Amino acid sequence: MAGESATTPSSSAACPAVEAVGLTRRFGARVAVDGLDLTIPRNAAFGLLGANGAGKTTFLRLVTGLLLPSRGTVRVNGRCPVREARAVQRGLGFAMETGRLYPELRVAGFLRFAGSARGLSGKALADAIERVVDAFSLGSVTQRLVGHLSKGTQQRIALAQALLHDPPLVIVDEPTGSLDPLQRREVWSALAGLVGRRTLLICTHDLEEARALCARVAVLRAGQLVAEGATDAVLGGADTLSLFRPAPGAAPEPRA
Ligand code: ATP
């Protein structure tokens, strides 16, 4: 709807960025997200941690409206991602894995494509591209093919496209998983520059990354919240790794 913004009164600035209440998602007998109560505050970086299979991706898919809850609710900027999908999408950016960028497009063409998919056109699109190219130092590569660039630059492109429509919530999945130490620092610095006037939800396995970037973290295990709080408090304990070990007697992950 023209003129409707991601922060209209029903998604007032007082709402958390994400609020899950009793959120549950089953796949057959497997409960991927299990009665999750989680509030992600606005305008800070929040880390979502957990071992493989803990339920992080399923949670993100519930937040983005790609999956329906089996039970419970989730609200994003005060709105339901399924019933108010368009408003939620307008207020949300998703920095996808670099493998899901379009390697055969030039960077400028890819950003035009991504911005058009977000409903931008004309001067608004040109201005948005200029803004993100500047913010992520992509000026020297706009005419290069995405697939010919380093993983670190591709990660900055993934972030840039997520910011084109200037959303208040940006979800970043495994931002530096396959990067060398220098590229990791570059991406961390780009991410740190985003915090303040927007919320970053960063899904990561990397505790150093969570410590470097996130004000708060939550740790999932078998779909349940096992810890949540200020990053230093949650990750500063003597046996942080125990948060990631399966609970005694837990059912093993089924083999594909
Ligand atoms: P990773 O870090 O490996 O990506 P994750 O924390 O993101 O793991 P999920 O991908 O959310 O975990 O998976 C949680 C559980 O739900 C796993 O047991 C997984 O096998 C199961 N699962 C996820 N998606 C499906 C699906 N579409 N069908 C059946 N089971 C699924």
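In this predicted model, Leu111, Arg112, Gly115 and Ser116 of helix 3 meet Leu125, Ala128, Ile129 and Val132 of helix 4. By class, this contact of helix 3 with helix 4 comprises five nonpolar residues, two polar residues and one charged residue. The two helices, of which helix 4 spans residues 122-135, pack at an angle of about 125°, and their axes are 10 Å apart. Angles over 145 degrees count as roughly antiparallel and those from 65 to 115 as roughly perpendicular; helix 3 and helix 4 are therefore oblique to each other. Their crossing is right-handed.

Helix 3, which covers residues 107-117, also packs with helix 5, at an angle of about 30° and with the axes 9 Å apart. Because angles under 35 degrees count as roughly parallel, that description applies to helix 3 and helix 5. Helix 3 passes helix 5 in a right-handed crossing. On the side of helix 3, the contact is made by Val107, Phe110, Leu111 and Ala114, and on the side of helix 5 by Ile157, Ala160 and Gln161. The residues of this contact of helix 3 with helix 5 divide into six nonpolar, one polar and no charged.

Helix 5 leads from the helices to a sheet. Comprising residues 151-163, helix 5 lies across strand 5 and strand 6, and runs at about 165° to strand 5. Both strands belong to an open sheet of six strands, whose order is 5-6-7-3-8-9 and whose pairing is mixed. At the edges of this sheet are strand 5 (92-95) and strand 9 (224-230), each of which pairs on one side only. From one strand to the next, the twist averages 15°. Within the sheet, strand 6 (residues 169-173) pairs with strand 7 (residues 199-203) in the parallel sense, over five bridges. Isoleucine 171 has leucine 201 of strand 7 as its bridge partner.

A further open sheet is formed by three strands in the order 2-1-4, with antiparallel pairing. Strand 2 (30-40) and strand 4 (71-76) stand at its edges with a single partner strand each, so one side of each is left without a neighbour in the sheet. Here the twist averages 25° from one strand to the next. Strand 1, residues 18-27, pairs with strand 2 in the antiparallel sense over seven bridges. Leucine 23 finds its bridge partner in strand 2, at leucine 36. Helix 1, made of residues 56-63, lies across strand 1, strand 2 and strand 4, and its direction is at about 65° to that of strand 2.

Methods:
Residues are numbered from 1 along each chain as its sequence is written. This is a predicted model: local features need pLDDT of at least 70, side-chain atom pairs count only at pLDDT 80 or more; totals for chains, interfaces and linings use all residues. Two strands pair if DSSP finds at least two bridges between them. Helices (H or I, at least four residues) and strands (E, at least two) are DSSP runs, numbered from the N terminus. Axes are lines fitted to C-alpha atoms, for helices over the stretch in contact, and angles run from 0 to 180 degrees between N-to-C directions. Two residues are in contact if their C-beta atoms, placed from the backbone, lie within 7 Å. A crossing is left-handed if the near helix is turned anticlockwise from the far one by less than a right angle, and right-handed if clockwise. Ala, Val, Leu, Ile, Met, Phe, Trp, Tyr, Cys and Pro count as nonpolar, Asp, Glu, Lys and Arg as charged, and the others, Gly among them, as polar.
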